[in-house]
Amino acid sequence: MKNYWWKILCVLLLFYSFSAGFLTPVPRLPILNETIRNLYFHVPMWFGMTFLLILSFSYSIAYLAKGKIGHDIIALEMANMGLVYGILGILTGMLWAKNTWGTYWTTDPKLNAAAVGMLIYLAYFVLRSSIQDDQQRARISAVFNIFAFPTFLALVYIMPRLTDSLHPGNGGNPGFNAYDRDKQMNLIFYSANFGFILLGIWIASIRIRLKNIELTLEDN
């Protein structure tokens, strides 16, 4: 039981986030209105993606330091799940944009930077698929990942703050913490963040085990 507590916590957090996120009242803010409920899903996707990419980055460094193929597998699957969250974050953001800005996509620098960031990680997977030798693939991919992650952070979290942006918390716009976000919303929001992070790690861990089984079968 002690090894599964975090999975039980993940299920409970996500059940609470989904049920309370759709059923509890929200502040009636101008323009946003009911769409502010997307705060429970869109933003946690990005936080989850960033956390998973941090893990991927860390295990790429660990691989270069120790040369263990298991570290490369973890880096790969964390990046895989991070990319899934990134795509879901873009899709939920597009739905939000349509209802608040009137269009699914704008020239907002945050949107364009996020798209470029996703392309960088797609290039990471293309690079991996183009190299046959396991150790060479792991080394080159680890080096790419180590450079990709800081670039991604600069694109998504730094550059949009230096120019005009429609996004809250970017380009001089106040973040949602400056709006009327009550304690109930905060509880749901942080529950969703932790829940989606745990879910991402859970799915990635399953994929890691499957990958290790495949390698064991190949060796035999």
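Which residues do ring pairs link into a cluster? In this predicted model, the answer is Phe18, Phe22, Tyr40, Phe41, Tyr85 and Phe196. A search of the whole structure finds 13 aromatic pairs. In one of them, the ring centres of tyrosine 40 and phenylalanine 41 lie 6.5 Å apart with planes at 80°, so this pair is edge-to-face. Tyrosine 40 is buried, with a relative accessible area of 0%, and phenylalanine 41 is buried too, at 11%. Leaving aside residues up to four places away in sequence, asparagine 38 touches Val43, Thr92 and Trp96.

The protein chain has six helices and zero strands, and its elements run α-α-α-α-α-α from the N terminus on. Of its 220 residues, 45% count as buried. The chain exposes about 11,800 Å², and carbon and sulfur atoms supply 68% of that area. Among contacts between residues at least 6 apart in sequence, 73% join residues at least 24 apart.

Helix H3 covers residues 69–100, and at 1.5 Å a residue its 32 residues should span 46 Å; the C-alpha atoms at its ends are 46 Å apart, so expectation and model agree. Just after H3, glycine 102 takes a positive phi of about 85°. Helix H4 covers residues 109–129, and here the 21 residues should span 30 Å, which agrees with end C-alpha atoms that are 30 Å apart.

What covers the buried residues of H4? The cover includes helix H2 (42–66), H3 and helix H5 (134–158). Among the buried residues of H4 are Leu111, Ile120, Tyr121, Phe125 and Arg128. Isoleucine 87 has its place in helix H3 and counts as partly exposed because its relative accessibility is 41%. Together with Val84, Leu88 and Leu91, Ile87 forms a nonpolar patch on the surface, with about 310 Å² of accessible area in total.

Charged side chains come next. Side chains of opposite charge can pair when their charged atoms come close. The structure holds three salt bridges. In one of them, the side chains of arginine 128 and aspartate 72 meet at 2.8 Å, N to O. This pair links distant parts of the chain, with arginine 128 in helix H4 and aspartate 72 in helix H3, 56 residues apart. Both arginine 128 and aspartate 72 are buried.

Another salt bridge joins arginine 207 to glutamate 77, with the closest N and O atoms 2.5 Å apart. Arginine 207 lies in helix H6 (residues 183–219) and glutamate 77 in helix H3, so this pair ties together parts that are 130 residues apart in sequence. Arginine 207 is partly exposed, with a relative accessible area of 41%, whereas glutamate 77 is buried at 3%.

A salt bridge is also found between the side chains of arginine 137 and aspartate 134 (2.5 Å, N to O). Arginine 137 and aspartate 134 are three residues apart in helix H5, so about one helical turn separates them. An α-helix has 3.6 residues a turn, so residues three or four places apart point the same way. Aspartate 134 is partly exposed, with a relative accessible area of 38%.

Note on methods:
Residues numbered from 1 in each chain as written. Predicted model: local features only at pLDDT ≥ 70, side-chain atom pairs only at ≥ 80, totals over all residues. Heavy atoms only, no water. Helix = DSSP H or I, 4+ residues; strand = E, 2+ residues; numbered from the N terminus. Expected span 1.5 Å × (residues − 1). Buried < 20%, exposed > 50% of the residue type's maximum accessible area, 1.4 Å probe, protein only. Contact = heavy atoms within 4.5 Å. Areas by Shrake-Rupley, 256 points an atom, 1.4 Å probe, with all protein chains shown as cover. Patch = residues over 30% accessible without salt bridge, like charges linked within 9 Å, V, L, I, M, F, W, Y side chains within 5 Å. Salt bridge = Lys/Arg side-chain N within 4 Å of Asp/Glu carboxyl O. Phe/Tyr/Trp six-rings, centres within 6.5 Å; stacked < 30°, edge-to-face > 60°.
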